Amino acid sequence: MLKSVIVAGGALGAAMVMMAGAASAAPQVIEITQVPCQFLEPEGTNHHYTSTKKADCVAINNESGDQRVEKAGEMTLAPGDYIFRVANDGVPYEVGFWLRDKDYDWTDKILSQKISVSGGGLLQGKTKDYAVTLEPGEYLYSCPLNTTPNYKLVVK
């Protein structure tokens, strides 16, 4: 059976775990929702930003993104297999998802030891799953297409 983890945001970055069974081999599902310029769960609130294009979110997050990430804290997970289920809720253009090692550098030619899971194609009202196995360490997740802040994820 599938375990489901819903990440609750806010300063504590707490996680509520809803378990549908005890099958430890099944990946845990992390549900996160994109609205214009942000992910809802880590921030714990919808700021109701208005965006019709990526540039709107670049400006908004240049102004307030760092402060919002600090207030949100970090998501903490145990090592294991996960499915990040990402939903586009009201962003009027394509969004995506990018989870990577904190020190991931896409220009580095030797990336075999780094985690990077990404993809786009999330039109308004759509949901997409991103599977990943996480080892202990520090990660970031964001949406380059919707230009969200870089949210923190720690696996320990």
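Predicted model: local features only at pLDDT ≥ 70, side-chain atom pairs only at ≥ 80, totals over all residues.
Which residues do ring pairs link into a cluster? They are Phe39, Tyr82, Phe84, Phe97, Tyr130, Tyr141 and Tyr151. Residues are numbered from 1 along each chain as its sequence is written, and side-chain values use heavy atoms, with hydrogens and water left out.**View 1. The whole chain, for orientation, has 2 helices and 11 strands.** Helices (H or I, at least four residues) and strands (E, at least two) are DSSP runs, numbered from the N terminus. Reading from that end, the elements go β-β-β-β-α-α-β-β-β-β-β-β-β. Of the 156 residues, 44% count as buried, where buried means under 20% relative accessible area, exposed over 50% and partly exposed in between (1.4 Å probe, protein chains only). Take the contacts (heavy atoms within 4.5 Å) between residues at least 6 apart in sequence: 65% of them join residues at least 24 apart.

**View 1. Phe97 and Tyr130 make a tilted aromatic pair.** Rings of Phe, Tyr and Trp (its six-membered ring) pair if their centres lie within 6.5 Å; planes under 30 degrees apart count as stacked, over 60 as edge-to-face and the rest as tilted. By this rule the model has 9 aromatic pairs. In this one the centres are 5.2 Å apart, with 45 degrees between the planes. Phe97 belongs to strand β7 (residues 95-101) and Tyr130 to strand β9 (residues 127-134), so the pair bridges distant parts of the chain, 33 residues apart. Both residues are buried.

**View 2. Trp98 has a ring partner and a charge to look at.** The ring centres of Trp98 and Tyr104 are 5.9 Å apart with planes at 85 degrees, so this pair is edge-to-face. Both Trp98 and Tyr104 are buried. The charged end of Arg100 sits over the Trp98 ring, 3.9 Å from its centre. For that label, NZ of Lys or CZ of Arg has to be within 6 Å of the ring centre and within 35 degrees of the ring normal.

**View 3. Glu43 and Ser64 both reach Arg68 through polar contacts.** A polar contact is a pair of N or O atoms within 3.5 Å; within protein, one must be able to donate a hydrogen and the other to accept it, and residues adjacent in sequence count only if both atoms are side-chain atoms. Glu43 is in helix α1 (residues 40-43) and counts as buried at 9% relative accessibility. Its side chain makes a 2.7 Å contact with that of His47 and another of 2.7 Å with that of Arg68. Ser64, in helix α2 (residues 54-72), is buried too, at 18% relative accessible area. The side chains of Ser64 and Arg68 meet at 2.8 Å.

**View 4. Leu99 and Ile115 touch each other.** In soluble globular proteins, nonpolar side chains tend to be buried together. A nonpolar core is a set of buried Ala, Val, Leu, Ile, Met, Phe, Trp, Tyr and Cys residues joined through side-chain atoms within 4.5 Å. The largest one here has 29 residues, and Phe84, Phe97, Leu99, Leu134, Tyr141 and Leu153 touch the most other members. Leaving out residues up to four places away in sequence, Leu99 touches Phe84, Ile115, Ser116, Val117, Leu134, Tyr139, Leu140, Tyr141 and Leu153. Ile115 lies in the loop between β7 and β8 (116-122) and is buried at 17% relative accessibility. Leu99 and Ile115 are 16 residues apart in sequence and 7.7 Å apart in space, C-alpha to C-alpha. With that sequence exclusion, the residues Ile115 touches include Arg100, Asp101, Tyr104 and Val132.
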